[in-house]
Amino acid sequence: MERKRRVRFAPSPTGPLHMGGVRTALYNYLYARQAGGDFVLRIEDTDSQRFVPGAEEYIIEALRWCGIYPDEGVDENGKVVETPSEKHPHAPYRQSQRRGIYRQYAEQLVKAGYAYYAFDTPEELAALRAEAESRKETFIYNWKTRGNMRNSLTLPEDEVARLVAEDTGWTIRFKIPENRTVVMEDLIRGHIEVNSNTLDDKVLWKRVDELPTYHLANIVDDHLMEITEVIRGEEWLPSLPLHYLLYEAFGWTDTQPRFAHLSLLLKPDGKGKLSKRDGDRLGFPVFPLKWVNAEGEVSRGYREDGYYPEAFINMLALLGWNPGNDRELFTVEELVPVFNLDRVIKSGARFNADKAKWFNQEYLRMRPLPQLVEDFKACAGEKLKGCDDGYISAVVELMRERAHFVTEMWNLTSFFFEAPESYDEASVVKFWNEDAKAAMPQVRSLLADLASFDKETIENSLHELITSNQWPMGKVMNSLRLFLVGVSKGPGVADMMALFGKDETLRRIDSAVSKLS
RNA sequence: GGCGCUAUCGAAUAAGGGUUCAGUUCGCGGCCCUCUCAAGGCUGAAAUACGGGUUCGAAUCCCGUUAGCGCUACCA
């Protein structure tokens, strides 16, 4: 019988969720939705040293903002589930609360001879590494060296029993079998083989915080939670042989999940994977939401920068995956049926901030006008107090083509709400020449005499006046624009005048003429 | 250093041995539209890392080299 597809996203709460993490979560989510399966969220907080308060809440809030809702592990209030229920049968979903579960599995491995107690202290190991390094070598705890160390393989049985019982501090290490070719299959990368002699005896149980390491907790939980596919970052590929060997040691190979390792997100320039510093340096967010760390350092977020979650998700989905055709715009709902692990790109994807901006612009342009107006009002806040809704809406409609983000809309449109106080000097020099000065009185009186002040009437009359007098169209129109908005860019002059209305238009012209002459 | 992964225009990618002197999107340049800007239309420059094989035929399959990345913790 085909098992129900179950995938998981398993971040560790050591800081804000990176956009690469969001992509991993997204691919898992899409996979689950398409298969009609479950998407589980599990918090991997087995590193007590690196725990960061607030990180767990951040991760869940970020996923929610992106529209990625776990089926299991998180309740309606966005809290990690701690007690089992029908909907969340595998609770708790926080690994620190599952300590007792892992302990028995670690001991089971020792009893069966797949793992062993090691009594070496961190200091001893550090010394060994330093010494090896001085000889330009690397110390590895493996089949070659384990026989010279203090562990349950080398010490007499009674002493091992004493050391374990006295609880003087021990770790459990996995005993990598000698000279085995581990044959693995990755959903994205295909066939991979590694000789076990190149692997080291990884710690499964840590003495310092009496918690399992990632490797143990991860395998046990994926087994217990009936995970069928593990879709995770490429940084885990080197430990895949260990994970295969662990499934084998536990006797779980029949239900072992299939693995898919996603490539990393790379810096837009230079070398290496995308990091927080790149965002600061190049001026774009690397986190979905704003984050303030314990030192008070602020990292910007896509949300706060004015990105629509739909655009952010769309951009991320296409970074390392494509549908096989030229289509680029997808909602999450549209991604679900077409997403496919086969088409995930194997090589690292360089993040490009320009393309991200383009995606947002596309979504901004598709946004229904009433909603865009609401976005704008929320963004501009106090500055729009008391303004007529119809007027705001007309401004937004006229200006939306020019914006990548709602957040820049105020800067683009402020002149509609407050008259310019200064005029761009270069434009003044360029357009406010003798021709324009000569024409302006007649232009003004034409405008003042217009019976109806709609766009067409204004445009037609203005053009007729200018052409019949053989004035230079560019100079006159642009000097008008300059008077209206202070700079030499923006929508059509007639469009703006119609919006301002006759009184305001004349007021601005008069004010500019008096200031500039 | 060891192990692994990866390699197409500046970036993201298409082409799954022949329809390809390599297509699309972003970015960059030009032209058109035009009262400016934006948008839009048209258009230009721009890539199969290198070397060997296999094959009638290779961007595509194999090997090597090089480069990049990842891992190499009692971190995840």
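Helix axes are taken here as lines fitted to C-alpha atoms over the stretch in contact, and the angle between two axes runs from 0 to 180 degrees between their N-to-C directions. The structure described is a predicted model. On this basis, the axes of helix 17 (residues 455-468) and helix 19 come within 8 Å of each other and cross at roughly 130°. Angles of 65 to 115 degrees count as roughly perpendicular and those over 145 as roughly antiparallel, and helix 17 and helix 19 are therefore oblique to each other. The crossing of helix 17 past helix 19 is right-handed. On the side of helix 17, the contact is made by Lys455, Ile458, Glu459 and Leu462, and on the side of helix 19 by Ala494, Asp495, Met497 and Ala498. Sorted by class, this contact between helix 17 and helix 19 holds five nonpolar and three charged residues, with no polar ones.

The contact of helix 9 with helix 11 comprises five nonpolar, two polar and three charged residues.

Leu369, Leu372, Val373, Phe376 and Lys377 of helix 12 make the contact with Ile392, Ser393, Val396 and Glu397 of helix 13. Six of the residues in the contact of helix 12 with helix 13 are nonpolar, one is polar and two are charged.

Chain A is divided by the domain assignment into domain 1 (6-74 + 216-264), domain 2 (100-205), domain 3 (276-366), domain 4 (369-406) and domain 5 (419-516). The centres of domain 3 and domain 5, taken over C-alpha atoms, are separated by 42 Å.

RNA strand B has 64 residues around it, of which Asp47, Lys271, Ser347, Arg350 and Gly492 come nearest. Two or more residues of the surface near RNA strand B are given by each of helix 4 (122-134), strand 6 (190-195), strand 13 (349-350), helix 11 (353-366), helix 18 (473-485) and helix 19 (493-500). Helix 18 supplies the largest share of this surface, five residues. In terms of class, the surface near RNA strand B is made up of 21 nonpolar, 20 polar and 23 charged residues.

Two local backbone features were also found. The peptide bond that joins Ala91 and Pro92 is cis, with omega about -5°. Pro92 is placed in the loop between helix 2 (55-65) and helix 3 (99-111). Lys136, a residue other than glycine, has a positive phi near 60°. The loop that holds Lys136 runs between helix 4 and helix 5 (157-166).

Note on methods: Residues are numbered from 1 along each chain as its sequence is written. Chains are lettered from A and ligands numbered from 1 in the order in which they are written. This is a predicted model: local features need pLDDT of at least 70, side-chain atom pairs count only at pLDDT 80 or more; totals for chains, interfaces and linings use all residues. A residue is near a molecule or strand if its C-beta atom, placed from the backbone, lies within 6 Å of it. Helices (H or I, at least four residues) and strands (E, at least two) are DSSP runs, numbered from the N terminus. Ala, Val, Leu, Ile, Met, Phe, Trp, Tyr, Cys and Pro count as nonpolar, Asp, Glu, Lys and Arg as charged, and the others, Gly among them, as polar. Domain bounds come from an automatic or database domain assignment. Angles under 35 degrees count as roughly parallel, over 145 as roughly antiparallel, 65 to 115 as roughly perpendicular and the rest as oblique. A crossing is left-handed if the near helix is turned anticlockwise from the far one by less than a right angle, and right-handed if clockwise. Two residues are in contact if their C-beta atoms, placed from the backbone, lie within 7 Å.
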